[in-house]
Amino acid sequence: MSKKPPVAKKEEPPATVPPAPAEEAAPAPVKKAEKGKRPKKHKEEKGVHAMYKIEGDKISRARPTCERCGPGYFMADHHDRYTCGHCGFTRYKQK
Ligand SMILES: [Zn+2]
């Protein structure tokens, strides 16, 4: 008269287990790529050494120096003018 209850009910199927959120994680890295619109241009390496050109034994300056500040202050090379970043002196290119 000793009946044991059935033990089959122990394994309950997971009724409400959400599936892995693989769908939400996928489109995330796409946003990052859209941020950088322009492809990076490799700019010329700049520095004091870029202002000089060495031709054999001689050194020549690639850019004019500022008339106000004197030698040592190179002027920025724009498409139609040279400007001094130190004092703001502008010299237009003559054609
Ligand atoms: Zn200057």
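Four donors count as tetrahedral if all angles lie between 85 and 135 degrees. The model is predicted, with local features needing pLDDT of at least 70 and side-chain atom pairs counting only at pLDDT 80 or more, while totals for chains, interfaces and linings use all residues. Residues are numbered from 1 along each chain as its sequence is written, and side-chain values use heavy atoms, without hydrogens and water.

**View A. Donor atoms of the zinc ion.** The SG atoms of Cys 66, Cys 69, Cys 84 and Cys 87 coordinate the zinc ion at 2.2 to 2.3 Å. Donors are N, O and S atoms within 2.8 Å of the metal (3.2 Å for Na, K and Ca); water is not among the atoms, so sites may look incomplete. The angles among the 4 donor atoms are 105 to 117 degrees, and the site is tetrahedral.

**View B. Cys 69 and Cys 87 in their loops.** The donor residues follow the spacing C-x2-C-x14-C-x2-C. Cys 69 lies in the loop between strand 3 (65-66) and strand 4 (70-77), and Cys 87 in the loop between strand 5 (81-84) and strand 6 (90-92), so the pair ties together parts that are 18 residues apart in sequence. Strands are DSSP runs (E, at least two residues), numbered from the N terminus.

Definitions and conventions
Tetrahedral: all angles 85-135°; square planar, octahedral: opposite > 155°, others 65-115°. Helix = DSSP H or I, 4+ residues; strand = E, 2+ residues; numbered from the N terminus.
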